[in-house]
Structure formats: C-alpha cells, structure tokens
Amino acid sequence: MTVTVAPSPGFLDLTSAELAERMVADGLRPAHAGALWRVLHHQFETHLLAREDLEPPLKRWITAKLAGEFTHITPQIASHIPSADGLTQKLLLRLADGQEVETVVMSYTGRHTACISTQAGCAMGCVFCATGQMGFVRHLTPGEIVAQVLEAQRLLKGLGLPGLRNLVFMGMGEPLHNYDSVMQALRIITDPRSSRIGPSRITVSTVGVVPGIIRFAAEQQPYNLAVSLHAATDAERTALVPVNARWPLAELMEACRFYHSHTGKKIFFGWTLIAGRNDTPDVARQVAGLLRGLSAHVNLIPLNPTEKFDGCESADSAADGFQKVLADAGIPSTVRQRRGIDVAAGCGQLKAAKKRSQD
Ligand code: SF4
C-alpha cells in the first residue's frame, strides 16, 4: 500500500471567517478577504496572480502566502470524458502529489449533481468496487474536496450550464473515515457567501462506519445521510463489505436508529443489486425487517461491473420484484438509473481503467 503525505494547506481549506481572520491579522481589510473569497468561490479562479482586478496589497499578500505556508489547490484535469448521451461527465483530477481522484457531474432534467471523492483510494475494501480493489492511499484535505466542487462548477460554467444543485459524497473513499476534512469542506461549500448549495441538497454516504454515524447524529449535521447496506445478513454483508466484520449489522442498525431518533431525519439506504445474490424477494423481506421503524428510502442501484468482481447486474424484473416487496412493507424505494457506463462512472472505475492501460 502506498501512503503519501497530504500537501500543505491551501486557501481552499479555510472558511470565509478563517480566511478573513488570517488576512486581518496580517493587516489587510475585511474587504480584501471578501474579494479573495469571491475570486475563489464565485469565479472559480485558478490563476490568482494573473488577476488584474485585485488590489496591490491583496496581491502582495497572496504572493507571500504562496511562497510560504499556503498553496492554491488547482487540480489538473488528467481526463475528462463525457458520456455518449452527454448527461454524465467524468473528471479524473490529478492532485499536487500526483494522486488522482474522480469527480462525476450528472445531469437530471436540467439539474446538475456532482459526486465527490473524499479519499485517494479507500480502506473499506468493498469487493465490487473499483476503488476498494485499489486499497487506501490517503485522506483528501478539505481544500482538495472543495476543489472538486469548484472544478465541477467550472465545467458547467464552461458549457454555459447552470451551477450545481446537489452534491453527493459517494465518490472514491469513505467520507466518515475522513470525517474532519469532510465536515470542514462542507462548512466551506455551504457557506452562504460561497454557494447556493444548501445542506439539504447534500448527501454524505457511508458504508457503515458506526462511530462516524453516531458523531454525525450527535453533532446534528444538517446534511442527508446515506448508508450503503447491500446485504441483509452478517455473513453475506461481510463477504461484500468487509468493514461489516468490525461493525456488524446489529450495531449499524442501532446507529441508524440513534441517528433517526436524534435528528428525526430519513436515511437513504443504498443497495447494489447483484443478480442472484442479493436481489431475491426473500432478501427484500429481510431488508424490510431490518428497516422496520426507521424513516427510510432505499435506492436500488444495478451493479456497475468491475474487473475483479464477477457479479452481474440484476435483471429489471428482479429489481421490480425487490421493489414490490419493499413497497408492500411500506418502504419507499427508487431503482436508480446506471449513469455513464460508457465513461466508467462507477466509483474508481476510470482510474482503474487508466491504470490497466498503463500496465
Ligand atoms: S464502495 Fe465506497 S466505501 Fe466501499 S470500497 Fe468503494 S469507495 Fe470505499
């Protein structure tokens, strides 16, 4: 396993209040902080020193900081692949230390959602996931997470499209394994001075990191929570999602109930449909039993194929049957469209495909 050191902090690691505090401490005016914030978070500028509209004291401050303690995180676009239908755009972004992460922009009826990565690689090892098959490299910094949102905004702006409406933290990595950086990034992203993406339009997904769910609930984080379930028995779940051995289903469901009782909020459960393995009516009845008493919505996602997992996506009829059992038990669900199969849009697939082509 390669573990590289995260790069030095950048302007994008700071909330607007933190940025203003540092700048004022260095003798600048709050208006300078406001100007820099606008350039970073509204205009999505990558070349700060090329700006001619910044006042000389602000430019001198930026120059001094870039020569010393700060970086400005501007990932390089290693690949940009739009899907054939134009509705999914996949970006492979190269970070300052050479690590590459994926950001996907999906368009639904004129509204745009970005799927954001939180780690380079992932330690959770879900067997059907291309990122899990790569292993863990390192956590992303808050700024590297924010930078993905800005890249997605830049992409949409370049295409003359409206900005992002929703964010899902379901890209490479387990968000609750990188809790502090993800929450700092979310404070920056949802800062009323930076975006129109409110907390209710942001979903943080976990494969079942129980301490993270409990902390997320106890802190009353205003974002939506999604829990990837995928199996209804410990034996089957541990086989698909090895982290289940550490936090088995009983503990996970208890954490979900704690979340629900503390926040009153619905939980979105993700279920990857794998033909013949977890898509039968019997399994659906087990899921209904697990979710009883919770305010839940189940997102059924046909498997995205990966090289190292030999499962297949379920037939439409199996997905419909699964959904009907849930509906009969009073549990709403949606069969999600698979998006961007032609651009390897499943988490980690583009990076894995690129690595294979280089081997
Ligand atoms: S599905 Fe998510 S949590 Fe599981 S290995 Fe892939 S990135 Fe990690």
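Student: Why is α5 said to be largely enclosed by the rest of the structure?

Tutor: First off, this is a predicted model. In it, 13 of the 17 residues of α5 are buried, so the helix counts as largely enclosed by the rest of the structure.

Student: How do you know that the length of α5 agrees with what a helix should span?

Tutor: Take the 17 residues of α5, residues 142–158, at 1.5 Å a residue. The expected span uses one less than the number of residues, which gives 24 Å, and the end C-alpha atoms are 24 Å apart, so the two agree. Just after α5, by the way, G160 takes a positive phi of about 70°.

Student: Which residues of α7 and α9 meet?

Tutor: On the α7 side you have V210, I213, I214, F216, A217 and A218. They meet E251, L252, A255, C256, F258, Y259, H262 and T263 in α9. By class, that contact has 11 nonpolar, two polar and one charged residues.

Student: Why is V210 called buried?

Tutor: The cut-off is 20 or more other C-beta atoms within 10 Å. V210, which sits in helix α7, has 20 of them, so it counts as buried. Leaving aside residues up to four places away in sequence, V210 touches W247, E251, L252 and A255. As for M170, it lies 40 residues from V210 in sequence and 17 Å from it in space, C-alpha to C-alpha.

Student: What is phi of F44, and is F44 buried or exposed?

Tutor: Phi of F44 is near 55°, a positive value in a residue other than glycine. F44 belongs to the loop between α2 (30–41) and α3 (56–67). With 20 C-beta neighbours inside 10 Å, F44 meets the cut-off, so it is buried.

Student: How do you know that H230 is buried?

Tutor: Around H230 there are 26 other C-beta atoms within 10 Å, and the cut-off is 20 or more, so H230 is buried. It is found in the loop between β9 (224–228) and α8 (234–240). H230 also has a positive phi, near 70°, in a residue other than glycine.

Definitions and conventions. Residues numbered from 1 in each chain as written. Predicted model: local features only at pLDDT ≥ 70, side-chain atom pairs only at ≥ 80, totals over all residues. Contact = placed C-beta atoms within 7 Å. Helix = DSSP H or I, 4+ residues; strand = E, 2+ residues; numbered from the N terminus. Nonpolar A, V, L, I, M, F, W, Y, C, P; charged D, E, K, R; others polar. Buried ≥ 20, exposed ≤ 12 C-beta atoms within 10 Å, placed from the backbone.
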